[in-house]
2 protein chains.
Amino acid sequence: MLDALFRPKSVAIIGASTKELSIGNRIIKNLIDFGFKGPIYPINPKAEEIRGVKAYPSIFDVPGPIDLAHMVIASKLVPAAVEDCGKKGIKAIIINSAGFTEVGPEGAALQKDFLERAAKYGIRILGPNCQGIINTDPEVRAYCNFTFTKPDPGFISIVAQSGGVGELIHQGFSQMGIGTRIYASNGNASDVSITEILEYLGKDSGTRVIVLYLESLKDPKAFLEVMRQVASQKIILAMKAGRTAEGAKASSSHTGGLAKTDIAIELILEKLGILTFRDEGELCQAAAAFASQPIPSGNRVGIITNTGGPAVIATDVLVDEGMKIPTLSEASIQALKGKLYPESAFENPVDVLATADAGHFRAAMDVMIAEDGIDCLYINFVTPFFVNNEAVAQQIADVNRQRKKPIVCNLMTDPQQWKDVVDILKKGGVPCYTFPGTAARALAALSRYAALRSKDVGIPKTFTDVDSGKVASILGKAASDGKTLLSAADVYGILEAYRIPCAAWKMADTAADAEAAADVIGYPVVLKADSPSVVHKSDMGGVAVNLTDGKAVREAAETMAKRIGASDLRFFLQKFEGGGREVIVGAKAEPGLGHILLFGLGGIYVEILKDVSFKIAPITEIEAGEMIDSLKAAALLQGVRGQAGVDRTGIVDILLRVSQLVCDFPQIQEMDLNPVMAFADKVVAVDARMVL
Amino acid sequence: MLDALFRPKSVAIIGASTKELSIGNRIIKNLIDFGFKGPIYPINPKAEEIRGVKAYPSIFDVPGPIDLAHMVIASKLVPAAVEDCGKKGIKAIIINSAGFTEVGPEGAALQKDFLERAAKYGIRILGPNCQGIINTDPEVRAYCNFTFTKPDPGFISIVAQSGGVGELIHQGFSQMGIGTRIYASNGNASDVSITEILEYLGKDSGTRVIVLYLESLKDPKAFLEVMRQVASQKIILAMKAGRTAEGAKASSSHTGGLAKTDIAIELILEKLGILTFRDEGELCQAAAAFASQPIPSGNRVGIITNTGGPAVIATDVLVDEGMKIPTLSEASIQALKGKLYPESAFENPVDVLATADAGHFRAAMDVMIAEDGIDCLYINFVTPFFVNNEAVAQQIADVNRQRKKPIVCNLMTDPQQWKDVVDILKKGGVPCYTFPGTAARALAALSRYAALRSKDVGIPKTFTDVDSGKVASILGKAASDGKTLLSAADVYGILEAYRIPCAAWKMADTAADAEAAADVIGYPVVLKADSPSVVHKSDMGGVAVNLTDGKAVREAAETMAKRIGASDLRFFLQKFEGGGREVIVGAKAEPGLGHILLFGLGGIYVEILKDVSFKIAPITEIEAGEMIDSLKAAALLQGVRGQAGVDRTGIVDILLRVSQLVCDFPQIQEMDLNPVMAFADKVVAVDARMVL
């Protein structure tokens with residue numbers, strides 16, 4: 001348990017300093033200012049007191065037990081200090097000091113040293129090279145951190161893989177008037193991991209929403225396991241940075257880790273029901289809505305405005321974000337007509353006009369709250385000087401307190417002149433924004449989350465008609481032979497074992513055998529050279545397509561044998577399936593995350609238009625359908641210009657079987673069925689590749 | 001000239017009120033508070049003074065001349081009051097009152113009435129139903145407006161087709177500490193138009209940047225003519241709202257205008273060298289950079305940071321926005337190594353570390369300013385309590401004052417605790433932002449503008465080998481015949497006259513003639529029924545493709561004649577051109593704007609992938625190339641998978657000739673060459689349609 005770290009009963013500062021502009025002093029100030037509930041023990045051999053708190057020459061001089069220690073001492077002194085902490089019975093240490101793995105081998109050795117000592121005593125370490133934690137729980141009030149943002153108590157906890165971004169989000173919250181529950185940033189992450197912190201927050205009853213900033217995952221498997229649980233308990237809003245090659249490079253230069261521009265983490269987050277953002281500002285602004293608003297039951301927005309243009313902007317953005325702006329029911333429109341100015345706009349957006357007073361706003365809100373066709377409310381509120389804006393704000397706050405439907409407010413005002421309006425809305429828990437687009441995106445995030453959580457993709461189907469024993473045997477033999485690229489016979493053997501439909505095939509040792517095999521398969525056929533020593537078959541003239549009779553097969557095989565001249569040469573014959581729509585099914589192992597499945601239309605759709613979709617295995621039937629439908633060119637599979645559509649069920653079946661195959665045999669590093677020929681009545685793989 | 005409106009020497013308020021919370025009172029207060037340089041004349045028959053200013057019973061009692069009058073009276077009183085203004089010699093009127101076209105026919109009649117009276121006296125009208133104007137020029141200080149945002153003097157003027165959005169932008173500027181020059185919002189726009197205001201601002205020496213909010217254009221032609229001039233004199237940042245069908249509907253409900261979801265306005269803005277935005281927040285944030293920073297000479301960013309994660313985020317966003325993050329030169333890296341902490345990151349982003357002081361920041365900035373490979377600077381500046389942040393801010397401000405390269409700063413601080421830091425940067429003219437993404441997008445906007453302005457697309461080529469007389473004659477005859485859809489002979493006649501290559505064709509009256517014509521064209525041919533009474537040829541069996549000999553042609557023509565049975569039936573024969581890459585070239589008239597040209601790959605690329613590009617005619621050779629290259633599937637035209645590329649010069653030639661054709665003959669409402677067959681060595685239109 002990380003209680004000693006997040007809910008310490010007492011804190012010692014090893015390296016406490018009398019110098020005001022130092023970390024060893026600031027932490028003491030922060031603990032005092034924030035009203036830490038337990039004793040604070042500055043450790044300094046020379047000082048009597050620091051910031052008015054009695055100091056001790058060493059931790060052994062501290063009379064009572066110590067839960068948590070900060071270390072703000074030179075890195076070379078850390079291992080011995082950790083040893084002392086162990087002897088004193090300290091349970092957790094925040095190492096603020098830098099000078100470890102991030103500076104090279106010497107630092108890495110120090111890190112190894114202190115970790116071994118900590119492990120011996122069962123001490124948990126946050127950091128090194130980290131800011132620390134903050135807990136606003138009134139029973140704790142732990143500001144174990146040297147930063148400067150003093151949060152109000154709230155329901156959102158922040159976990160960041162970068163102290164800088166953590167502080168950025170924290171400062172954003174502070175300026176928006178959003179409270180924080182727990183804040184943590186773990187620097188070099190030598191011991192306590194992001195995953196462990198998330199697990200802890202999952203169990204923290206005071207945390208309703210978790211905001212997570214990630215650049216990479218050290219142990220994706222552990223993350224995945226923990227987050228399955230946490231994401232079902234808490235709303236999680238996440239951002240993964242280092243998306244671009246340049247961003248990943250910038251990330252690895254400061255985290256010391258290996259980063260790459262992959263999509264695996266975003267896929268995992270989606271699969272876990274975690275809402276992802278690509279803009280840190282948008283994340284903070286959405287968090288303000290999540291902190292106070294219920295989750296809507298749909299994406300239908302009622303817009304109330306007292307000014308025209310900003311409603312146009314809001315409408316554009318809401319529609320861009322996938323929201324609907326339905327026309328109100330006739331009953332609602334009639335109800336509004338009795339209560340608003342006659343010149344008002346009664347459709348949705350409802351324009352109550354700039355001269356609208358509190359009664360007009362209230363009438364419009366009441367109608368929207370009662371209207372079945374509306375899931376959430378967007379309010380544009382400009383504060384004209386000739387209106388009692390405080391009364392309007394009071395009505396918005398009152399309706400918001402009903403918590404019937406989520407509300408966001410784009411408040412267009414001068415916060416100096418209308419301080420009371422700002423305060424009334426803030427006290428009423430109304431999330432307020434200063435641009436219509438910002439408010440619209442925050443509302444859309446609530447709705448996106450609702451869709452993500454209400455989505456039931458079912459559970460992955462398990463095919464029982466597969467022969468996993470045969471696959472195990474093929475893969476076992478290939479592994480013991482030291483193969484990484486499987487032979488055609490192995491690949492197609494595996495596909496057959498998992499009943500993944502592929503074009504009829506046979507192996508042959510001689511040209512004559514090849515002709516005989518082709519006779520059995522039926523013409524036309526494709527002939528391929530199959531030899532461990534021939535990697536680039538096409539370049540070596542090792543592929544002959546559309547052979548229409550036995551003579552052609554024999555001649556092609558003879559020519560191939562002469563040209564390649566490898567002693568281990570065999571022939572792979574396969575039925576030539578022309579005229580279908582080419583699709584691609586692939587899978588690629590991501591260490592710790594399982595496999596990413598890929599689906600796309602073949603040829604230029606993949607090569608030029610990059611029109612592909614991804615999911616993490618295992619997938620369900622619904623997810624397989626989503627992979628197909630999310631292609632930009634999905635309509636091609638449904639049939640266009642009079643052409644028949646392709647066998648969708650067949651594609652779904654292949655996707656599900658490939659998903660099961662790579663889950664059953666995680667040693668498959670990569671596999672491609674490329675192309676799979678999709679016809680109206682069948683789907684068959686006509687080329688396949690598998691790497692261990 | 002609109003000087004009486006924007007630089008009034010005296011202002012009367014007709015409808016001045018003693019009631020503090022009224023528009024007729026607020027305008028007087030605003031004029032006084034803002035320090036208006038001329039006399040203020042409240043007009044009120046019952047009051048002696050208002051807000052301490054002597055009031056007059058009527059404008060005729062005012063002793064001196066009056067430049068500008070506000071009207072804050074019931075709409076039915078406006079026409080007579082305008083007449084009075086004419087008699088008094090007033091030159092401009094801001095009608096704040098509502099109750100005109102926006103409320104129906106009665107209001108529209110009042111509007112017509114006052115406009116006629118104003119015209120008689122040469123009075124210019126702003127509004128009705130508008131806020132008014134603000135001019136911060138120290139010689140004027142005119143706050144002729146009832147809103148509440150008091151701007152600092154600045155170089156940015158704001159013109160908005162919505163008072164609400166104008167005020168939103170204005171308030172955004174105020175909160176970001178950006179000054180304003182002139183502010184105008186013209187409500188119902190009965191007389192003074194957005195275009196006229198822009199023309200005025202173009203000549204205003206105090207305006208450096210214009211921020212423009214548009215929902216629709218009343219007179220696009222006038223806009224286009226004026227803006228050619230204005231955009232060459234001023235930096236213009238624009239946003240067009242009502243982009244979505246729903247947004248356009250919301251717009252028309254409050255503007256009373258007809259809006260549609262077209263792209264013509266955005267194309268026009270781009271063509272004029274106006275930088276467009278789709279997010280009002282981003283526009284305001286970019287404006288902060290434009291207000292103080294020079295335009296960069298390229299898109300290469302140097303990043304300086306004292307915290308890791310925010311640099312990763314900034315890098316991601318900069319790359320997304322098309323910026324480059326080049327590695328520094330070896331000389332620069334060496335220079336930095338001598339001056340920064342040894343643990344710093346010396347690549348780009350340069351991480352000076354959280355403990356960096358003013359000297360470290362200065363060293364990094366000096367290197368970036370001197371480095372040839374860097375066009376602009378992005379600075380992440382978090383304010384650790386243990387650093388002299390004021391000194392760092394001072395260095396950033398000092399380097400910024402050099403105005404050598406544009407600088408933006410993502411300032412991560414608590415503005416209460418580090419008020420001096422905020423002030424130093426503000427006084428130094430450093431645009432500061434609170435999120436890395438926001439700062440990155442503002443910097444990218446500067447670079448986008450640089451690219452837009454430095455782009456030299458050349459001048460449209462005029463082909464002299466065209467026979468415009470022949471086209472004029474064909475179109476004239478078609479018009480006098482009352483045709484809107486041109487016959488095949490007319491269409492191909494026009495294409496030939498403009499030397500737009502199309503497949504060889506002939507007309508024939510009988511089946512025998514058709515066979516003879518086909519013999520001349522050469523096989524295979526396409527045969528089409530051509531009759532004014534046959535609109536949907538394909539549905540009627542009026543098209544036969546790939547006919548390979550004379551007999552097939554004759555039989556197809558006979559069958560067609562029998563099936564269609566129209567007495568005016570003729571036959572259109574055309575060489576069948578198979579096997580090329582299908583492309584589409586189209587043009588569509590946009591009232592007042594000329595023609596929008598369209599280019600795309602045929603078939604599913606247009607139908608399913610919507611992969612098309614647009615430009616406003618006339619286009620230049622470079623623009624034609626851009627139309628081709630901006631397709632997502634552009635690589636298909638260059639040749640993929642061993643296929644040869646297509647004749648790019650031929651496509652460019654067709655685009656240029658179509659552009660010239662529709663410019664020469666604006667009566668062509670729509671034309672499509674669909675498909676055009678593009679081969680490696682030639683490009684020919686094989687089907688064409690033209691509508692008058």
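In the predicted model, four strands of chain B form an open sheet in the order β20-β23-β21-β22, and their pairing is antiparallel. Strands of a sheet pair through backbone hydrogen bonds, either parallel or antiparallel. At the edges of this sheet lie β20 (505-508) and β22 (543-547) of chain B, each of which pairs on one side only, while the twist from one strand to the next averages 20 degrees. Within the sheet, strand β21 (residues 525-530) of chain B and strand β23 (residues 570-575) of chain B are joined in the antiparallel sense over six bridges, and Val526(B) stands opposite Gln574(B) in β23(B).

Two helices of chain B pack on this sheet. Helix α19 (residues 511-521) of chain B touches β20, β21 and β23 of chain B, and its direction makes about 15 degrees with that of β23(B). Helix α20 (residues 550-564) of chain B, in turn, touches β21, β22 and β23 of chain B, with a direction that makes about 20 degrees with that of β21(B).

In chain A, helix α5 (residues 163-176) packs with helix α10 (residues 280-292) at an angle of about 45 degrees, and their axes are 10 Å apart. The crossing in which α5(A) passes α10(A) is right-handed.

Key. Residues are numbered from 1 along each chain as its sequence is written. Chains are lettered from A and ligands numbered from 1 in the order in which they are written. This is a predicted model: local features need pLDDT of at least 70, side-chain atom pairs count only at pLDDT 80 or more; totals for chains, interfaces and linings use all residues. Side-chain values use heavy atoms; hydrogens and water are left out. Axes are lines fitted to C-alpha atoms, for helices over the stretch in contact, and angles run from 0 to 180 degrees between N-to-C directions. A crossing is left-handed if the near helix is turned anticlockwise from the far one by less than a right angle, and right-handed if clockwise. Two strands pair if DSSP finds at least two bridges between them. Contact means heavy atoms within 4.5 Å.
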